[in-house]
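Please keep the sequence and the coordinates in view while reading.

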Amino acid sequence: MKKRLVIFSSILFLFGSNSLKAQKIEIEPWKYNINIELIDSTLLINLSIKATKAEAGQKEFLLFNRYIQIKEALLDEAPLKYIRSNDTLYFEPVRNEITLSMQYEIPCSVKGYSKVVASYGDSTYAYPVLFDAGQIFCERFNKWYPVLYDNFSDYDVTITVPKGHKVFSYFPEIDCKYIAEEVVYTYHYYDEDFPFFITPTGIFQQHKEVQHNNTTYAFYFLPRARRLVYVSDNKPVFVSDIKQIDSLLSESINRSIAAIDWYNANLWHKEIKTLSFVETDILGLGAGLGNFILMDRMLMNMEAIEKYALSHELSHIWLGIHTAYLAKGKFFMGESVPEYVNLLFYESWAGNDAFEKAIQDKINLTLFEVPFYAVPFERVLNQRKGNAQADEIIYHKGVAFVHEFQKMIGKDKLLKIIRETYSVPNHFVTLKDFENNIKANDCWNEYLKLYAIDL
Ligand SMILES: [Zn+2]
């Protein structure tokens, strides 16, 4: 994701791997039954939880966004007694197996043109939860629904939406049933971070499907009478001719497929059955969300292809989604490295000169027309989001440092280290993993040299 997705994963490190395994065996998946009413922006939640109480008298606690007020909460059909503080909800289960039911409403305030009616944040990060009357983006599941703090459990999730709506989810759906006026989607998740997106299907003007190398690419385009082709002298140039718009969309389809092929060949092969690209106008950015790519309409254009924004999001299917650095609000592993790999793909079709220019642009920051400045590697590694220069340092300076490293060790070696670092299944990637693989590939001395330079 380009800007805002923050994934909560640091809790994993509080527990040893042995206790994790032992608990896993005993605990059934949590069962979430989520009924989403779109008309009055009310979410009705029913949770069935089967959990084993660790010790008598020990309080269970759940992660749950403090900004969502609970309307009604029942524990085994009696009112739930709980304490809330910040992101957590404490309660004391009386039995080993519990059933928790909850109802709550999202507080709404319409913010004019953008139709954004709700957006949540806490003291450290902004967690946007955006929706208009039709489209809902649920980022970070634990901000919308209570999840067990220790994350021992898997989740069985059903999401019920009115007919004519579709759910796109981080993990593939197991089942989709049409019952009366509703559609019921079923999922099985192994971690608490499973963003999903709900949208009416009628709003898409074009739905294109392309079959390529065992993958179905499904594109959902919003109706647009004109689309941006490029920006010339700071002026946007649009096309409104249907044929021109069509070829523009074809170009974004072709470039996306080419990017997937390149990542498959140069990172590692991923079996992808269906990959959906969903256009929206409520997000303001692109997001690579595993099973689907959310693209703001501003990115469905030639400019975005030229600036490799689409392929950046696609790189996240391989890299950067599960990184401890994202969890801690640091983005070198989660954004700078994936963006550099995206640049290597860019080089494969735009050529070496274009690649070198892109790197120079990043070092000089001409993209954002701010005065030249240099930062040390340490700053890049510790860069959080939030201040004015954060994105420049993460997406430009950080990438320049990866390039500097590549110049010393070569592309093949760098890609090998990246493969070895990021390809471990269900593992939250840390800088330590990266550094261990750098050592294992005899590139440690080159890596240390990064600390001595400013870029
Ligand atoms: Zn990104």
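Predicted model: local features only at pLDDT ≥ 70, side-chain atom pairs only at ≥ 80, totals over all residues.

Residues are numbered from 1 along each chain as its sequence is written.

**Loop residues**

- Asparagine 213 is found in the loop between β20 and β21, where helices (H or I, at least four residues) and strands (E, at least two) are DSSP runs numbered from the N terminus.
- The phi angle of asparagine 213 is near 45°, a positive value in a residue other than glycine.
- Most residues other than glycine have a negative phi.
- A positive phi, near 50°, is also found at alanine 180, which lies in the loop between β17 (175–179) and β18 (182–189).
- Alanine 180 has 6 other C-beta atoms within 10 Å and is therefore exposed.
- Alanine 225 belongs to the loop between β21 and β22 (227–232), and its 8 C-beta neighbours inside 10 Å make it count as exposed.
- The C-alpha atoms of alanine 225 and isoleucine 242 are 8.0 Å apart in space, although the two residues are 17 apart in sequence.

**The five-stranded sheet**

- An open sheet is formed by five strands in the order β20-β21-β24-β26-β25, with mixed pairing; two strands pair if DSSP finds at least two bridges between them.
- Its edge strands, each pairing on one side only, are β20 (206–212) and β25 (287–289).
- Neighbouring strands of this sheet are turned against each other by 15° on average, direction ignored.
- Strand β21 (residues 215–221) pairs with β24 in the parallel sense over five bridges, and tyrosine 217 has leucine 275 in β24 as its bridge partner.
- Strand β24 (residues 274–280) is also joined by five bridges to strand β26 (residues 292–296), and these two run parallel.
- Between β24 and β26, valine 278 stands opposite leucine 294, and serine 276 has phenylalanine 292 in β26 as its bridge partner.
- How enclosed is β24 by the rest of the structure? Six of its seven residues are buried, so β24 is largely enclosed.

**Helix α2**

- Helix α2 (residues 242–266) has 25 residues, which should span 36 Å at 1.5 Å a residue, and its end C-alpha atoms are 36 Å apart, in agreement; the expected span is 1.5 Å times one less than the number of residues.
- The buried residues of α2 are Ile245, Leu248, Ser252, Arg255, Ser256, Ala259, Ile260, Trp262 and Tyr263.

**Helix packing**

- Two packed helices are described by the angle between their axes and the distance between the axes.
- Helix α6 (residues 332–350) packs against helix α9 (residues 390–409) at an angle of about 65°, with the axes 8 Å apart; axes are lines fitted to C-alpha atoms, for helices over the stretch in contact, and angles run from 0 to 180 degrees between N-to-C directions.
- That angle makes α6 roughly perpendicular to α9, given that angles under 35 degrees count as roughly parallel, over 145 as roughly antiparallel, 65 to 115 as roughly perpendicular and the rest as oblique.
- The crossing of α6 and α9 is right-handed; a crossing is right-handed if the near helix is turned clockwise from the far one by less than a right angle, and left-handed if anticlockwise.
- On the α6 side, the contact residues include Phe332, Glu335, Tyr340 and Leu343, and on the α9 side they include Ile394, Tyr395, Val402 and His403; two residues are in contact if their C-beta atoms, placed from the backbone, lie within 7 Å.
- The axes of helix α10 (residues 411–422) and helix α11 (residues 431–440) come within 9 Å and cross at roughly 135°, so α10 and α11 are oblique to each other.
- The crossing of α10 and α11 is right-handed, and Ile417, Glu420 and Thr421 in α10 meet Asp433, Phe434, Asn437 and Ile438 in α11.

**Overall figures**

- The protein has 12 helices and 26 strands, and 38% of its 455 residues count as buried.
- Of the contacts between residues at least 6 apart in sequence, 66% join residues at least 24 apart.

Terms used:
Buried ≥ 20, exposed ≤ 12 C-beta atoms within 10 Å, placed from the backbone.
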